[in-house]
Amino acid sequence: MDYQFKDIEKKWQKFWADNQTFKAEDKTTKPKYYVLDMFPYPSGAGLHVGHPLGYIASDIFSRYKRLKGFNVLHPMGYDSFGLPAEQYAIQTGQHPAITTEANIATYRRQLDQIGFSFDWSREVRTSSPDYYKWTQWIFMQLFNSWYNKDADKAESIDKLVKHFEQNGSIGINAVCDDEILSFSAEEWKAMSNQDQQAELLKYRLTYLRESTVNWCAALGTVLANDEVKDGFSERGGYPVEQKKMMQWSMRITAYADRLLKGLDTIDWPEPLKEMQRNWIGKSVGALVRFQLEKETNLQSLNTNHYIEVFTTRADTIFGTTFLVLAPEHELVTSLTTPEQKDDIEAYIAQAKKKSELERMADAKTVSGAFTGSFALNPINGEKVQIWIADYVLAGYGTGAVMAVPSGDQRDYLFAKHYNLPIIPIIDIQKIETEADPTKEGRYINSGFINGLTYKEATTAVIAKLEDIGAGKAKVNFRMRDAIFGRQRYWGEPVPVYFKDELPYLIEEKDLPLVLPEVDKYLPTEDGEPPLARAKDWNYNGFEYELSTMPGWAGSSWYWYRYMDAHNDAEFASKEAIEYWKDVDLYIGGSEHATGHLLYSRFWNKFMKDLDLVVEEEPFKKLINQGMIQGRSNFVYRLIDEEGRATNTLISHGLIKQYKTSPLHVDVNIVDNEVLNINKFKEWRPEYADAEFILENGKYICGVEVEKMSKSKFNVVNPDDLIERYGADTLRMYEMFLGPLEQSKPWNTNGIEGVFKFLRKFWRLFHNDAWEFSVSTNGPSKAELKSLHKIIRKVEEDVERFSFNTSVSSFMIAVNELTDLKSNNKAVLQDLVVILSPYAPHICEELWTLLGNEAGTLSYTAFPKFNPAYLVEDDFAYPISINGKTKLNLNMPLSLEPADIEAIVLASADVQKYLDNKTPRKVIVVKGRIVNIVL
Ligand code: ANZ
């Protein structure tokens, strides 16, 4: 029978499902291997050909590892809370659970069609209560923990309370809020429960704090930085304000150093690690206190008679000519003199409209306002002006900087603009004239550090500051605590209720806290989140938290759930965690570099601290698959004299001769750049009577590579390709497109070649009448050579994730075997196993046809490579006479020189050249050459 991919693929997909072929074992002596894909958000649009790229690669790897004797865990699930379903719910009133369910069904159908070897028995959905019960449970553990810097790990809050009861706050070295109280054990015990709880909240790893957020009143919600553009919401264009709001946060900053160090222990792409390093942004510097000048209105300042700045360049302190505070800095009001009040207030109002991102990005336009007050440089006593400007961020360092116009570009621009002094502090001339061979630059105008290098100066200044009590060394991180709440409906409810305005956890036995029903998915009229609409929703009369968890909550631990997906007593059993440990290979898109991958590492480290998991890092090796770009096709409309596009279309090769305007055309009605004219006419009513100027009787379309998107009509749906060519062809073709990590355009044109290859492969097992026919004779050397070449190649390729290169090697192997007219059973059976990770359906079918007992080849052994078969047996010896090569003679490589000499001299062909002369000498170099000297 010819290659009937449709029947074959259906049959095997059903077999795998019915037999749970890919169910990973929980107890086995086999070594484990965990291959994870980033699970998808099930959107309404379904999969396009770009989505499965990473899944195909991970599937090949999983299947390969099974053949190599590993117990492979290769699960799949859905990150099913999120915005699109909610947005759709708002528009249509349809419950997001219903949309989500329907989308998941589409995804599942599409994934099944591609023949993935997922263990579906472990499927997870972040939006299902039996899953988010554990997301809520982990939140509770975070709430019940604090970060002990001395132990460098999270510990239980009970332990902290015990310490407070015995020793008060002395001896606690925690990552916590800035404004914590100092108290003795007695004072602690004397506090009301309310006050104690308020104090503990400053230590908890998840906590409520007033944070600055992008608040969009019209949408009734907080927006992420990338949802705000120029002070307006990206969606709807409503004004967005910087607003202080009580928000749940996660104290990820406690883990900054460990998140940084851990990067050195994992096998991830270097650019991705670098992005995380930048995001964490470790800065080694110093805190420096500038006393306020006496005239300043000190009464309203309480205790802070100084401004503290964070600097990474303490060495530049002699160049400080003014201070700049963030407009939100707490001292701004008290520092502002009556004369400057109007200026300062106007400036603050304007700064409020900009998001933090814009403030940082906007380096060219300088703006600020003078407070009217002065401070004193602690090192040289110089009096400097105090300004506010929005380039200083409230949330970084201390929210105040010492401005050094001769050292910092922004300070320089600012000084120029407002005519503030600039003091040069580095001897530039010396560097330029080679007088300073170190090229480091030495200090001038800098008192006791004059003549020192950067390193020496930094150390000297910090030592001096510490000496006079005006500063100290300080490491700062750019990373902030992560906001952990959204004022939206379709997310995990936070398992917290409020009593006397303080948050308390609900009891563990009351988990999951299920998302309540609401009449609408919008905020209430007075701006409360949608959960406020829920009727009779309270915890024994106390109000629940009304915000829900952010999108990243459910995805920050999901790989553990797959280890033990149906456990309702624990998020996963100890046993399962100890066996599976961590993810060996994680494949997904690079867009998650600093979000998901950072939060997951954070939660993992936290869970490790609590001994809930065993590994410090969750994902040992990570690969980012490249993007599949779209390949757009264009038709060209003729432009008439009045400049209007007409309904006459010019073929691409002829457009130089006309004035035309390009138009995207659906790639699905273009075959190898040739437009299907009839389908085009049917495509849109306005083209029904289009006319065409053709080349060689065809309309040729133009091509461009762009993002794959609906609006560009270049989306290729895997369903259509599977329908035409089958999943095995699609799988191999996606790999054939190029290296996995590289972005590349989709080009359907080559798929035919891959399909033909699979048919040719099928043909090897069949005679001319398409009857299955293999021979059981001993394989020839040539057959074994072809086979062992491909065994070695595929093994090497797959181990280094180079999937595209194996595809071409398979083609070569099949061509060689076809040329050899091979139908040797032993050889072909091994080939079936080697190819099966790439094209599993056809291989399973052939495996069965080869007479293997009904069942799957998934757990058979990958053929063993034998180098002996690759050793060349014969060698075409070049035979030269007096140093000139005359001919080649084939001889076995095993022959010794004496035998070779005998054969050569006996050869009639050689005799012709000898002219009946007796050679004076015959030189034989085994395996290289024979030279006859006459
Ligand atoms: C004086 C100085 C002189 C600085 C010089 C730089 C160069 P990183 O490396 O990112 O940590 N800075 C401190 N807090 C800031 C804030 N809240 N908003 C904006 N800028 C702030 O950068 C630290 C440097 O950025 C600090 O060192 C400070 O300027 C500025 F030649 O102090 B520097």
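Helices (H or I, at least four residues) and strands (E, at least two) are DSSP runs, numbered from the N terminus. The structure is a predicted model, in which local features need pLDDT of at least 70 and side-chain atom pairs count only at pLDDT 80 or more, while totals for chains, interfaces and linings use all residues. Residues are numbered from 1 along each chain as its sequence is written, and side-chain values use heavy atoms, with hydrogens and water left out.

The chain contains 29 helices and 36 strands. Its C-alpha atoms fill a box of roughly 120 × 80 × 80 Å along the principal axes. Of its 934 residues, 53% are buried; buried means under 20% relative accessible area, exposed over 50%, and partly exposed in between (1.4 Å probe, protein chains only).

Strand β22 (residues 542–544) includes E543. This residue is classed as partly exposed because its relative accessibility is 48%.

Helix α26 (residues 825–835) contains L831. L831 has a relative accessible area of 2% and is therefore buried. Between L831 and K14 there are 817 residues in sequence separation, and their C-alpha atoms lie 24 Å apart in space.

Two cysteines were also examined for burial. C216 has a relative accessible area of 0%, so C216 is buried. C843 also counts as buried, because its relative accessibility is 0%. A search of the whole structure gives zero disulfides, a disulfide being a pair of cysteine sulfur atoms within 2.5 Å.
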